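Biologist: I have a model open and would like to learn how to read it. Could you walk me through its features?

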Amino acid sequence: VEWVKSEVKWASRWDVYLGSKNTAADEVHWFSIVNSLLIVVFLTGMVGLIMMRTLHKDLMRYSRVPTDEEKAEEREEKGWKLVHGDVF
């Protein structure tokens, strides 16, 4: 690193960037705004699609009449029920 002494005073070092002469900084960045909105709409749609598929699958499973074999499977412990004693 090589330090070079400058004639710019410490208090005015940001004046170049914050000055009113820089008109490009005052423009609205429409591309960024539209890009952000499209990403939000896309991600919201993806979350909605996943939730609709999950809810549809759950509702179809809960609304059908279970057979004797499915009733026996429901009584069998599976998933989190197998580890609930270890965790809780």
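Predicted model: local features only at pLDDT ≥ 70, side-chain atom pairs only at ≥ 80, totals over all residues.

Biologist: What does the protein chain average in pLDDT?

Modeller: pLDDT is the predictor's confidence in each residue, from 0 to 100. Here the protein chain averages 82, and 80% of the residues score at least 70. Confidence is highest in helix 2, at 93, and lowest in helix 4 (residues 84-87), at a mean of 67.

Biologist: How many helices and strands are there?

Modeller: Both are DSSP runs numbered from the N terminus: helices are H or I, at least four residues, and strands are E, at least two. This protein chain has four helices and zero strands.

Biologist: Is methionine 46 buried, exposed or partly exposed?

Modeller: Buried means under 20% relative accessible area, exposed over 50%, and partly exposed in between (1.4 Å probe, protein chains only). Methionine 46 sits in helix 2 (residues 30-63) and counts as partly exposed because its relative accessibility is 35%. Of the 88 residues in the protein chain, 0% count as buried.

Biologist: And glutamate 74, buried or exposed?

Modeller: Glutamate 74 belongs to helix 3 (residues 68-75), and at 54% relative accessibility it counts as exposed.

Note on methods:
Residues numbered from 1 in each chain as written. Heavy atoms only, no water.
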